[in-house]
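User: Please go through this model with me by question and answer.
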Amino acid sequence: MPKPTVAEQLVSGGRDLIGREGVADLSVRRLVEAAGRSTMCVYSHFGSRKRLLAEVFRSCADDLAAALAAAGTAAEFERAYAAYAREAPRHFQYLFAADLEGLGLEPALRLDLVDAVLAAGVSLAGADRVLAWWLGLHGAVWLDTLQRLAGEPDRFDIAAAGNAP
């Protein structure tokens, strides 16, 4: 296996930092510490913190899209979506709830992600139903994620509401 490039190390470090701590402090200093690199690496490989954070966002989005692409049925899609959120709750939060503009990122990144999620689900739910289907799924998974991040995983009984994937 080839050694990761410096750019890959920076993206991986950013993902690790977000996975551990969320997006509260994504300064260049914290990002390079997480990657074990120097501050200049961010500027020489990405040009700015903003570009690095956009690549971290895309990397997390690519992982979610890959998990969904492997689903052959609607139930598998739902399980894959919920599993991503359970396994990487802070990445899920970064993808769907972080203040992208506050981080210097384009809000369109999130719309592109939703487009990709919907495209992955069209063949399973149908083009006319995919948005409504995903909105119900996303709401249930997001509430489950919020509960777990708050340390109250059973506060609301999502399964009893008939929405648990």
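**Salt bridges, burial and overall fold**

Analyst: At 31% relative accessibility, Asp25 falls in the partly exposed class. The coordinates come from a predicted model.

User: With which residue does Asp25 form a salt bridge, and what separates the closest N and O atoms?

Analyst: A salt bridge requires a side-chain nitrogen of Lys or Arg within 4 Å of a carboxyl oxygen of Asp or Glu. Asp25 meets this criterion with Arg30, the closest N and O atoms being 3.6 Å apart.

User: Is Arg30 buried or exposed?

Analyst: The cut-off for buried is under 20% relative accessible area. Arg30 has 17% relative accessibility, so Arg30 counts as buried.

User: Why are Arg58 and Glu55 separated by about one helical turn, and what is the N to O distance of their salt bridge?

Analyst: Arg58 and Glu55 are about one helical turn apart because they are three residues apart in helix α4. Arg58 is partly exposed with a relative accessible area of 37%, and Glu55 is partly exposed with 32%. Their side chains meet in a salt bridge with an N to O distance of 2.9 Å.

User: How many salt bridges does a search of the whole structure find?

Analyst: Asp25 with Arg30 is one of them, and Arg58 with Glu55 is another. A search of the whole structure finds eight.

User: Which element has the highest mean pLDDT?

Analyst: The protein averages a pLDDT of 94, and 98% of the residues score at least 70. Among the elements, helix α2 (residues 28-35) has the lowest mean, 92. The highest mean, 97, belongs to helix α6 (residues 89-96).

User: What does His91 contact, leaving aside its neighbours within four places in sequence?

Analyst: His91 is in helix α6 and is buried, with a relative accessible area of 10%. The buried residues of α6 pack against α1, α4, α5, α7 and α8. Beyond its sequence neighbours, His91 is in contact with Arg15, Ile18, Gly19, Cys60 and Tyr84.

User: Which residues make the nonpolar surface patch?

Analyst: One member, Leu146, lies in helix α8 (residues 130-149). Leu146 is partly exposed, with a relative accessible area of 36%. The patch covers about 240 Å² and is made by Leu143, Leu146 and Phe156.

User: What separates the C-alpha atoms of Glu87 and Leu124?

Analyst: Glu87 is found in helix α5 and is exposed, with a relative accessible area of 68%. Glu87 and Leu124 are 37 residues apart along the chain, and their C-alpha atoms are separated by 23 Å.

User: What radius of gyration does the protein have?

Analyst: The protein has eight helices and zero strands, and its C-alpha atoms fill a box of roughly 50 × 35 × 35 Å along the principal axes. Of the 165 residues, 39% count as buried. With 165 residues, a compact globule would have a radius of gyration near 15 Å, which agrees with the value for the protein, 17 Å.

Notes. Residues numbered from 1 in each chain as written. Predicted model: local features only at pLDDT ≥ 70, side-chain atom pairs only at ≥ 80, totals over all residues. Heavy atoms only, no water. Patch = residues over 30% accessible without salt bridge, like charges linked within 9 Å, V, L, I, M, F, W, Y side chains within 5 Å. Areas by Shrake-Rupley, 256 points an atom, 1.4 Å probe, with all protein chains shown as cover. Helix = DSSP H or I, 4+ residues; strand = E, 2+ residues; numbered from the N terminus. Buried < 20%, exposed > 50% of the residue type's maximum accessible area, 1.4 Å probe, protein only. Rg over C-alpha atoms; globule rule 2.2 N^0.38 Å. pLDDT = per-residue confidence, 0-100. Contact = heavy atoms within 4.5 Å.
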